[in-house]
Each structure stands twice: as C-alpha cells, then as structure tokens.
Amino acid sequence: NPSLEQGDIAVIFLDAGGYIYEYIHSLKSKVKQQLGWDSNISHETKSKQDGKLFISNINNAKGLEFPFVICFAMKLVKRANFRNALYTMMARSFLESHLVLNNDNENPAIPTILEGLNFLNENNYMDVRLPSDEEIQSQKDFIVLDESVSISQMVKSYCADKKSTPRLIAKITDRVERIIAEDDDADGEYIKGLIEIEYERNKKL
C-alpha cells in the first residue's frame with residue numbers, strides 16, 4: 001500500500017507471559033533498523049502516538065482502532081481469556097487484521113480451523129455445531145474461573161499472609177504465566193498448585 005504510514009499499524013501481543021516484553025523491544029529495534037520507523041511501546045507510554053508504529057500487549061490496546069492490526073501469539077490455546085483477547089484485538093482494525101503464530105503446526109485444532117475457513121470462504125457462512133447443555137454449562141464455569149481472577153490476583157492472594165516481597169510475587173506470577181501459556185487445559189486447582197510450587201522454590205527472594 002503506497003499510502004501506508006507507520007502510524008496506521010498496530011502490533012498486538014496476545015500472550016500474557018513475560019516473554020512478550022523482550023519480544024516487544026526486539027521488534028522495536030528491528031523495525032527501526034530495517035524500516036527507519038519509530039515505535040510507540042504502549043505499556044510504557046500509556047498513550048496512542050500519531051506517526052509511530054503502535055506495539056502493545058492486550059491491556060493497552062483496548063478502545064483503540066487502526067487501519068491495520070497484526071496480532072501475535074506463540075500458539076492458539078483453548079482458554080477463554082485467550083479466545084476473548086484474540087477476538088477483541090483482531091477487531092481493533094477497520095481495514096485488515098492478521099494473526100501471526102510462532103510455530104503451531106502440531107496443534108490438532110489447525111486442520112479443523114483451516115477446514116472451517118475454507119468452508120466460510122466458499123459459502124459465506126459458518127457451519128458450526130450447537131453445543132450440548134453440558135458443554136454450555138462447563139464453558140460458563142470455565143469462563144467465570146478464567147476471567148474473574150487473574151494469575152496476578154491469585155498469586156497476591158496466596159502470598160497475602162506470607163509477608164512476600166514484591167519481587168517474589170512478580171517472580172511467581174511470571175513463572176506461572178509462562179507455564180500456563182504452554183498448557184491448553186489448565187484449571188483453577190492446577191494453577192493454585194503451580195503457585196504453591198513456585199512459592200516454595202523462590203520464597204527466599
């Protein structure tokens with residue numbers, strides 16, 4: 001697009017893991033070196049800056065719109081908060097959105113997704129199965145667990161009566177988020193167990 005300007009594009013990282021902040025600064029450097037563009041790192045500036053490539057996590061892109069949006073994730077996962085983040089961030093563009101995955105070839109859902117995409121392109125509608133009552137209820141329970149309490153809140157709650165330092169809380173949160181990012185089926189009890197393990201491993205901090 002010959003009229004494209006750097007401020008027309010947003011790059012949004014969908015994952016919650018701490019790795020994204022290293023990737024964000026690496027992307028900023030590469031964009032400057034290869035394209036000569038300046039970048040706005042939104043979790044640092046807390047604002048949208050005209051004339052700069054917008055790079056953000058999901059928390060600092062809400063309510064904003066761009067002509068073009070590129071969303072990045074390590075892989076597709078089944079958790080409700082990831083699904084909601086994917087939907088809302090892909091909808092940040094009013095012209096075109098793209099989803100970039102790291103390497104998700106082993107994901108068993110990919111063939112089904114591609115099949116559904118091909119059907120949609122050919123027929124202009126989606127062919128979906130109505131979930132059973134049990135599936136609907138389990139999804140409701142899952143969404144309540146997944147969205148009402150964040151990993152950070154769970155860690156702070158666990159550490160509240162243990163006189164934990166901010167450094168320890170941040171360490172446990174980062175470790176658990178990294179582990180959960182690789183696990184499609186994590187539930188509340190599993191996460192609580194991880195928090196306990198990471199607390200015992202790092203409590204000297």
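1. Beyond its neighbours within four places in sequence, R92 is in contact (heavy atoms within 4.5 Å) with I12, A61, K62, G63, L64, E65, F66 and V69. R92 sits in the loop between α3 (80–90) and β5 (93–101). Helices here are DSSP runs of H or I with at least four residues, strands are runs of E with at least two, and both are numbered from the N terminus.

2. On provenance: this is a predicted model, where local features need pLDDT of at least 70, side-chain atom pairs count only at pLDDT 80 or more, and totals for chains, interfaces and linings use all residues. Residues are numbered from 1 along each chain as its sequence is written, and side-chain values use heavy atoms, with hydrogens and water left out.

3. Which side chain of opposite charge is nearest to R92, and how far away is it? The answer is E65, at 5.5 Å. R92 is buried yet has no salt bridge. Buried means under 20% relative accessible area, exposed over 50%, and partly exposed in between (1.4 Å probe, protein chains only). A salt bridge needs a side-chain nitrogen of Lys or Arg within 4 Å of a carboxyl oxygen of Asp or Glu. For charge, Lys and Arg count as positive, Asp and Glu as negative; His and the chain ends are not counted.

4. Strand β4 covers residues 66–73. Seven of its eight residues are buried, so the strand is largely enclosed by the rest of the structure.

5. β4 has two parallel pairings to check. Strands pair if DSSP finds at least two bridges between them. With β1 (residues 9–13), β4 pairs over five bridges in the parallel sense; I9 stands opposite F68 in β4. With β5, the sense is again parallel, over seven bridges. There, F66 stands opposite S93 in β5.

6. Two backbone angles deserve a look. Most residues other than glycine have a negative phi. N124 has a positive phi, near 65°. N124 lies in the loop between α4 (110–123) and α5 (133–148) and is exposed, at 67% relative accessible area.

7. K163 also has a positive phi, near 55°. Its loop runs between α6 (151–159) and α7 (166–181). K163 is exposed, at 82%.

8. R201 belongs to helix α8 (residues 188–202). R201 is exposed, with a relative accessible area of 54%. Its C-alpha atom is separated by 9.2 Å from that of I172, 29 residues apart along the chain.
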